[in-house]
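Opening my notebook on this one.

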Amino acid sequence: MADHQNRSIPTGPVMRSALIRRAGAIIAFIGFTTLLAGCLLISGEQTTISQQAGAANILTTFVSAEGSDEYRIPALPANTEVQAVVMVAVESGDLEIALIQPDGSVSFVLAARPGSQVTRSGPLRSDEQGQIRYRITARNARNGEIQMFLLP
């Protein structure tokens, strides 16, 4: 015959205290993940920018990336309308780039497919400081590349 022990189940203040600790841990976890949602963790990143006569070429390569963040790069004369040609490639995972107009609207979005290069073009305008804005979103992305040609 099996020997059973009587185990008391906590009730009252002990149970409430345990529930409060667990709820606090869950709330802290949700808060922490919300903070990371606006953060891009990227390793092995190399970015080069070359500019000539109202045009620019921006090349970013990386080893791994996770998260999302917005970039502002001074690449053009102020309030300049250009044709943006964007190419993205990623060996594995998901990589997306959204080009953003000075008013906050999205000009276009381009998502990479593992193992192949994807290209898209569309209009883009620099802001009053000559900056262009774009947002990178990566999920378990490995060995990626983003290249932008900004042509007058």
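Housekeeping before I go on. This is a predicted model, so I keep in mind that local features need pLDDT of at least 70 and side-chain atom pairs count only at pLDDT 80 or more, while totals for chains, interfaces and linings use all residues. Residues are numbered from 1 along each chain as its sequence is written, and side-chain values use heavy atoms, with hydrogens and water left out.

**Salt bridges**

I searched the whole structure and got four salt bridges, where the rule is a side-chain nitrogen of Lys or Arg within 4 Å of a carboxyl oxygen of Asp or Glu.

I looked up Arg135 and found a salt bridge to Glu70, with the closest N and O atoms 3.5 Å apart. Glu70 sits in strand β3 and Arg135 in strand β7, so this pair ties together parts that are 65 residues apart in sequence. Strands here are DSSP runs of E, at least two residues, numbered from the N terminus. Glu70 is partly exposed too, at 31% relative accessibility.

Next I took Glu81, which bridges to Arg125 at 3.3 Å between the closest N and O atoms. Glu81 is in strand β4 and Arg125 in strand β6, 44 residues apart. Both ends count as partly exposed: Glu81 at 41%, Arg125 at 32%. I also noted that salt bridges with shared partners join Glu70, Arg133 and Arg135 into one network.

**Asp127**

Which residue does the side chain of Arg72 meet in a salt bridge? It meets Asp127, at 3.7 Å from N to O. Arg72 belongs to strand β3 and Asp127 to the loop between β6 and β7, so the pair ties together parts 55 residues apart in sequence.

Is Asp127 buried or exposed? At 10% relative accessibility, Asp127 counts as buried, whereas Arg72 is partly exposed at 45%.

I then checked polar contacts (N or O atoms within 3.5 Å, one able to donate a hydrogen and the other to accept it within protein; residues adjacent in sequence count only if both atoms are side-chain atoms). The Asp127 side chain has a polar atom 2.9 Å from the backbone nitrogen of Gln129, and it reaches the backbone nitrogen of Gln131 at 2.9 Å. Leaving aside neighbours within four places in sequence, Asp127 is in contact (heavy atoms within 4.5 Å) with Arg72, Ala78, Asn79 and Pro102.

**Core and Tyr134**

The largest nonpolar core has 29 residues. Such a core is a set of buried Ala, Val, Leu, Ile, Met, Phe, Trp, Tyr and Cys residues joined through side-chain atoms within 4.5 Å. Ile97, Leu99, Ile132, Tyr134 and Leu150 have the most contacts inside it. The elements giving two or more residues are β3, β4, β5, β6 and β7.

Beyond four places in sequence, Tyr134 touches residues including Ile58, Tyr71, Ile97, Leu99 and Met148.

My aromatic search gave one pair, the rule being Phe, Tyr or Trp (six-membered) ring centres within 6.5 Å, with planes under 30 degrees apart stacked, over 60 edge-to-face and the rest tilted. Tyr71 and Tyr134 are stacked, at 5.3 Å centre to centre and 10° between the planes. Tyr71 is in strand β3 and Tyr134 in strand β7, 63 residues apart.

Definitions and conventions
Buried means under 20% relative accessible area, exposed over 50%, partly exposed in between (1.4 Å probe, protein chains only). Helices (H or I, at least four residues) and strands (E, at least two) are DSSP runs, numbered from the N terminus.
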